[in-house]
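Subject: Structure handover

Hello,

Please find the structure below. My notes on it follow.

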Amino acid sequence: MKKLWAIGLSAAVLLAGCGEEQSAESTEATTSSEDSKDVKKDMMRFYLTISNTINAVDVDLNTFEKMKAEDLLPEGEELKAMTDAAIVSAKDSAAAIETLEIPAVLENQKEQIETAFTAIRESYEIKAEELTKDASFEAADEKFTEADTLLNELLTEQGLAGSSIQNEVSQ
């Protein structure tokens with residue numbers, strides 16, 4: 001009888017231990033899934049914040065670029081005023097990137113985000129400089145494309161649809 005009692009007690013302890021292990025694994029899986037959802041949600045919010053922040057200050061630059069592309073730039077004082085406004089807009093856009101704070105939940109993506117921000121800031125700085133010359137934005141566009149690629153990779157890594165921040169801020 002003592003042997004049977006010992007076997008029963010051992011089985012109970014073993015089953016209880018297995019139940020706790022499964023519960024811990026289930027809790028870890030649930031927590032991991034929730035963390036993944038938080039990262040995905042925060043990544044999307046943050047991505048939208050980037051374009052909204054830039055769009056708040058780049059209107060004059062976008063207007064200049066659009067008119068230049070359509071060969072509709074004015075002449076004389078009107079062109080100078082438009083160019084000066086575009087320079088301020090480009091500098092403000094570069095500064096706006098510096099105000100963005102990366103959410104803590106995106107800590108694992110921080111280095112890639114910071115690299116993208118550097119490329120965006122450099123792109124706007126190049127545009128501001130080019131506006132004092134011949135306004136060739138090829139080098140600036142290449143920098144922005146680097147940032148666009150990095151941010152797009154982050155979106156797709158989270159299972160989100162790819163996007164183009166460059167298209168979103170060039171409107």
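This is a predicted model: local features need pLDDT of at least 70, side-chain atom pairs count only at pLDDT 80 or more; totals for chains, interfaces and linings use all residues.

Asp38 is partly exposed, because its relative accessible area is 33% and the class runs between buried, under 20%, and exposed, over 50% (1.4 Å probe, protein chains only). Asp38 belongs to helix α1, residues 2-55. Helices here are DSSP runs of H or I with at least four residues, numbered from the N terminus.

Residues are numbered from 1 along each chain as its sequence is written, and side-chain values use heavy atoms, with hydrogens and water left out.

Aromatic pairs

Rings of Phe, Tyr and Trp (its six-membered ring) pair if their centres lie within 6.5 Å; planes under 30 degrees apart are stacked, over 60 edge-to-face, and the rest tilted. The count by this rule is three aromatic pairs. One of them is Phe64 with Phe137, edge-to-face at 6.5 Å centre to centre and 70 degrees between the planes. Phe64 is in helix α2 and Phe137 in the loop between α4 and α5, so this pair ties together parts 73 residues apart in sequence. Phe64 and Phe137 are both buried.

Tyr124 and Phe144 also form an edge-to-face pair, at 5.8 Å centre to centre and 90 degrees between the planes. Tyr124 sits in helix α4 and Phe144 in helix α5, 20 residues apart, and the pair links these distant parts of the chain. Tyr124 is buried at a relative accessible area of 2%, and Phe144 counts as buried at 2% relative accessibility.

Charges over a ring

The ring of Phe137 has the charged end of Lys68 over it, 5.6 Å from its centre. The charged end of Lys127 sits over the ring of Phe137 too, 5.7 Å from its centre. The rule asks for NZ of Lys or CZ of Arg within 6 Å of the ring centre and within 35 degrees of the ring normal.

Largest pocket

A pocket is an open set of points on a 1 Å grid over the protein atoms alone, where a 1.4 Å probe fits, with protein on both sides within 12 Å along at least five of seven lines; lining residues have an atom within 4 Å of a point. The largest pocket holds about 170 Å³ of space. Its lining has 13 residues, and Asn62, Glu65, Lys127, Val169 and Ser170 lie nearest the centre. Helix α2 gives the largest share of the lining, four residues.

Regards

Terms used. Grid points are joined across faces, edges and corners, and a volume is the space filled by probe spheres set on the points. Helices (H or I, at least four residues) and strands (E, at least two) are DSSP runs, numbered from the N terminus.
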